[in-house]
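Hi everyone, thanks for making time. Let me put the structure up, and then I'll walk you through it.

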Amino acid sequence: MTVDIQVGRRFHLPELSRAAEKAQNLDVGDILGLDIDAELPDDPAAVALALIRDTSVSTEELRIAAERRIAQRSPRLHTFVPLYTTNHCDSECKMCGMKKSNTRMIRKLAGKREIEDQLRILLEHEGVAGVGFLTGEYEDEYTRQVNAFRIGWAIRTAFDMGFQRVYFNIGSMTTAEIETLGEWIDRDEPVTMCVFQETYDRHTYERFMGSKDGAPKADYDRRIQSFDRWLDAGFKYVNPGALIGLHDIESEMIALVSHATYLARRGGIVDISLPRLRPAMASSSRTKVDDQSYIRLMAAIAFVCPDQRLVLTNREGKALRDSVIDLCGVISPGSPDVAPYRRGDDIVNEENSSQFLVADLARPSTILKQITDTGRAVQNFAPDPH
């Protein structure tokens, strides 16, 4: 596998057979015995494949080795809470409740006052100073530009209100759309572009995301090149990801690790997301990945990408979160419903207005306090002393 960072500064998918060939010649025992700061003996993707395949090493042993390798990272954890500003979307992704053809979805759009109120709730009621703005993806270029402008305004508003970290996930972005959003922020502000490829396999991508005609997310190349455009524009923070369960674990891991490594070599500050499929209305989510396979995948990626933070959300229940929290660097609790936060104890995650259903519908502050009560610090979270 060769990561090309010179030609056009664009990511190229690795050769899976090349990574597999390299993995066969690696000694997993020697790799796990490396000093914390030691360089890996080969490409990170090949090392990760060797780790995940060697069944003589238990998942628990691999998890402990990965935790040891990232233990010196500071801060160990930071947080942001997702804030869906709309569930309108022009795409037709089979696994997503927000897809355009889902006529049972109750469509919502949060306006200026509602977004500002949601931000105040997160800051004042939940004690969280990290937020991620989400929308659907749109076909018409004017609508895409307006959406970039709107989310740029939301990002600026969040910083002006006191938020310390902002993510956004609004689909693929062209250079013009990045310029529109970028007018609202400085190049050195911690604004993370999230563009999950969902699957790096082109055939599977087309099967789940549809054809290009009228389905904006179906444009594989526009999506995968979004990070390069973001870095070209002078921004630094990026968050690639794959939806675990759409395609086979090994090939997705190789591509995702390769992508994260490439972006880091380009100077990006990289988070990595690998959410599992969750139930969603009018969606196809039959592919399952068991807990042990999922934990082993997380441990392998954490081991070979110690400077890139794994993102963990409340898609997963408390038991699994507790078992993998020290493999992760970002914890993101919240709801995939539109403007779902309230000043009372309840938050909203209705099937007929949410992208999917989470496993643990607790207030973000409740989930974060469960973590801080164990003695772990979470940056951008200030628990209520009362």
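Predicted model: local features only at pLDDT ≥ 70, side-chain atom pairs only at ≥ 80, totals over all residues.

Numbering starts from 1 along each chain as its sequence is written, and side-chain values use heavy atoms, with hydrogens and water left out.

Everything here sits on a 1 Å grid over the protein atoms alone: a cavity is a set of points where a 1.4 Å probe fits but cannot get out, a pocket is an open set with protein on both sides within 12 Å along at least five of seven lines, and lining residues have an atom within 4 Å of a point. Points are joined across faces, edges and corners, and a volume is the space filled by probe spheres set on them.

The largest cavity holds about 780 Å³. It has 49 lining residues, and nearest its centre you'll see Tyr84, Asn169, Phe196, Arg315 and Gln355. Strands S2 (81-84), S3 (130-134), S4 (165-169) and S8 (309-313) are the elements giving two or more residues to that lining; by the way, strands are DSSP E runs of at least two residues, helices are H or I runs of at least four, and both are numbered from the N terminus. By class, the lining has 26 nonpolar, 14 polar and 9 charged residues, where nonpolar means Ala, Val, Leu, Ile, Met, Phe, Trp, Tyr, Cys and Pro, charged means Asp, Glu, Lys and Arg, and polar covers the others, Gly among them.

The second largest cavity is about 70 Å³. Helix H6 (residues 141-161) gives the most to its lining, with 3 residues. Residues lining this cavity include Glu137, Tyr138, Arg144 and Glu177.

Now the largest pocket, at about 430 Å³. Of its 19 lining residues, Arg69, Val304, Cys305, Pro306 and Asp307 are the closest to its centre. H11 provides the largest share of the lining, 3 residues, and the lining as a whole splits into 9 nonpolar, 3 polar and 7 charged.

That brings us to H11 and its packing. H11 (residues 249-265) packs on H12 (residues 291-304) at about 25°, axes 11 Å apart; axes are lines fitted to C-alpha atoms, for helices over the stretch in contact, and angles run from 0 to 180 degrees between N-to-C directions. That makes H11 roughly parallel to H12, given that under 35 degrees counts as roughly parallel, over 145 as roughly antiparallel, 65 to 115 as roughly perpendicular and the rest as oblique. Ile249, Met253, Leu256 and Val257 of H11 meet Ser293, Leu297, Ala300, Ile301 and Val304 of H12, contact being heavy atoms within 4.5 Å. The tally there is 8 nonpolar, 1 polar and no charged.

Compare H1 (residues 16-24) and H3 (residues 44-53), at about 60° with axes 8 Å apart. That makes H1 oblique to H3. This contact has 6 nonpolar, no polar and 2 charged residues.

The peptide bond from serine 74 to proline 75 is cis, omega near -10°, and proline 75 is in the loop between H4 and strand S1 (78-79). Alanine 339 has a positive phi, near 45°, in a residue other than glycine. You'll find alanine 339 in the loop between S9 (330-332) and H14 (364-372).
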